[in-house]
Structure formats: structure tokens, C-alpha cells
Amino acid sequence: VQLQASGGGLVQPGGSLRLSCAASGRTFSYYYMGWFRQAPGKEREFVAVGEWRGESAYYASSVKDRFTISRDIAKNTVYLQMNSLKHEDTAVYYCAVSRAWSIRPSSYSDWGQGTQVTVSS
């Protein structure tokens, strides 16, 4: 599966961004789409995971109630709506696909290239 992440940018604290992850290839082989992020000098961390063709989702406690996963199956695209952004949300955000429901990066086999999100005043 090929993944193309986009939608990052510079936003002020309290602002919103919507990230997109467009998938192509053997998307039917995967069941879950995950979002991860990596800040400079830190390890890649779990943000959210959602069913590729369902409504279930799970979020890291640091983003719960602020971030929401949605999907457009017709477009093979998954979105991450990010609201009430904070300085600590600054990172490169990655989307990835997995056959397992997991918060571990090692469970994900295919990754997008990442998109930079910077929260700054």
C-alpha cells in the first residue's frame, strides 16, 4: 500500500488542522489506519488508530477529545481532524496501515512520508 500524507502546516495554539492520508494499492488487505507523530529528539509515538472500513477509533490520552479520525472510503482517504492544538502537538505526523489493531509502530507495515505540524504563536 502506498500512503500519501498531507495537510500539515503552521498554526497558532488553539487552532485546527486536518491531515489527510490517501492510500493506493492493495488497501483491502489492511484493516486499520494509524496516526503517529515524532517530535525532534523523541521517539515516534502513537496518536490514533481507526478501522479502515468502520467507525471504531482509539486515541492517545494526550489527544483524546481534541483529535478525530474519519474516512472517505470512496476516496481511499483517512483524515485526522486536530482541534485545540497545543505547542506540544508540534511534530511530524505519519499515517500507517496495519492488519492488527495496535498502538505500536512495529505493527504497521506501510507508512506515509510524514507531514510537519508546527503549533506556534
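A pocket is an open set of points on a 1 Å grid over the protein atoms, with protein on both sides within 12 Å along at least five of seven lines, and its lining residues are those that have an atom within 4 Å of a point. The model described here is a predicted one. The points below take up the pocket, the strands and their pairing, the nonpolar core, and some residues in loops.

**The largest pocket**

- The volume of the largest pocket comes to about 150 Å³.
- Its lining is made up of Arg37, Gln38, Ala39, Lys42, Glu43, Glu45, Ser62, Arg66, Glu88, Asp89, Thr90 and Ala91.
- Sorted by kind, the residues of this lining are 7 charged, 3 polar and 2 nonpolar.

**An open sheet of four strands**

- An open sheet is formed by 4 strands, which follow one another in the order β1-β3-β8-β7 with antiparallel pairing.
- The edges of this sheet are β1, residues 2-6, and β7, residues 67-72, each of which pairs on one side only.
- Between neighbouring strands of the sheet the turn is 20° on average, with direction ignored.
- Strand β1 and strand β3, the latter covering residues 17-24, run antiparallel and are joined by 5 bridges, and within β3 it is Ala22 that stands opposite Gln4.

- Strand β11, which spans residues 115-119, has a covered face with Thr115, Val117 and Val119, whereas Gln116 and Thr118 belong to its uncovered face.
- In a regular strand the side chains alternate between the two faces of the sheet.
- Strand β2, residues 9-11, runs parallel to β11 and is joined to it by 3 bridges, with Val11 standing opposite Val119 of β11.
- Strand β9, residues 91-98, pairs with β11 in the antiparallel sense, likewise over 3 bridges, and the bridge partner of Tyr93 in β11 is Thr115.

**The largest nonpolar core**

- The largest nonpolar core holds 36 residues, and those that touch the most other members are Met33, Trp35, Leu80, Met82 and Tyr93.
- At least two residues of this core come from each of β1, β3, β4 (32-38), β5 (45-51), β7, β8 (77-82), β9 and β11.
- The strand that gives the most to this core is β9, with 5 residues.
- In soluble globular proteins, nonpolar side chains tend to be buried together.

**Residues in the loops**

- Ser61 is located in the loop between β6, residues 57-59, and β7.
- Is Ser61 buried or exposed? Ser61 counts as exposed because its relative accessible area is 74%, and the cut-off for exposed is over 50%.
- From Ser61 to Ser102 there are 41 residues in sequence, while the C-alpha to C-alpha distance in space is 15 Å.
- Asp65 also belongs to the loop between β6 and β7, and although Asp65 is not a glycine, it has a positive phi of about 75°.
- With a relative accessibility of 72%, Asp65 counts as exposed.
- Asn76, which is found in the loop between β7 and β8, is a residue other than glycine that likewise has a positive phi, with a value near 50°.

Technical notes
Residues numbered from 1 in each chain as written. Predicted model: local features only at pLDDT ≥ 70, side-chain atom pairs only at ≥ 80, totals over all residues. Heavy atoms only, no water. 1 Å grid on protein atoms, 1.4 Å probe; cavity = no way out; pocket = protein on both sides within 12 Å on 5 of 7 lines; lining within 4 Å. Points joined across faces, edges and corners; volume = space filled by probe spheres on them. Nonpolar A, V, L, I, M, F, W, Y, C, P; charged D, E, K, R; others polar. Pairing = 2+ DSSP bridges. Axes fitted to C-alpha atoms, helices over the stretch in contact; angles between N-to-C directions. Buried < 20%, exposed > 50% of the residue type's maximum accessible area, 1.4 Å probe, protein only. Core = buried A, V, L, I, M, F, W, Y, C linked by side-chain atoms within 4.5 Å.
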